[in-house]
Amino acid sequence: MNVTFVAAMWAVIGIATLILAIYRWALSAHGERDVVHLGAGDEKKIPKQVSLARKVDAVDRWGKAMTVITAVIGLGLATAYLYQAWESPNPGPNNFYRNNARER
């Protein structure tokens, strides 16, 4: 598999995780309250509050999973990059010292 493809997919998953976090923030900012409506006259607010709690819970589960996936792929890419750098410390034909050493 091509490293560029994996890095692009990692970026897409990272952006999706960020969008999900922003959605969760917006969802909780508009309707989440610290008060549980249980009193008389609050019967209409209870189903909305239960629905919002379920949505926030689902977004939280997806957010945690996507954060772990993003972190694991990122660590894998960083490990692969560092391993490649360790194996070939003077890569490529554009190395100044390697090109000058041939001329002498």
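**Ground rules.** I am working with a predicted model, where local features need pLDDT of at least 70, side-chain atom pairs count only at pLDDT 80 or more, and totals for chains, interfaces and linings use all residues. Residues are numbered from 1 along each chain as its sequence is written, and side-chain values use heavy atoms, with hydrogens and water left out.

**Fold.** Helices here are DSSP runs of H or I with at least four residues, strands are E runs of at least two, and numbering starts at the N terminus.

**Contacts.** I then checked contacts (heavy atoms within 4.5 Å). Of those with a separation of 6 or more, 71% join residues 24 or more positions apart.

**Helix α2.** I traced α2 over residues 45–87; its 43 residues span 63 Å from first C-alpha to last, close to the expected 63 Å (1.5 Å times one less than the number of residues).

**Burial.** I used under 20% relative accessible area for buried, over 50% for exposed and partly exposed in between, with a 1.4 Å probe and protein chains only. By that count 14% of the 104 residues are buried. In α2 I listed Leu-52, Val-56, Val-59, Gly-63, Met-66, Thr-70, Gly-74 and Leu-77 as buried.

**Surface.** Leu-18 sits in helix α1 (residues 3–31), and I count Leu-18 as exposed because its relative accessibility is 51%.
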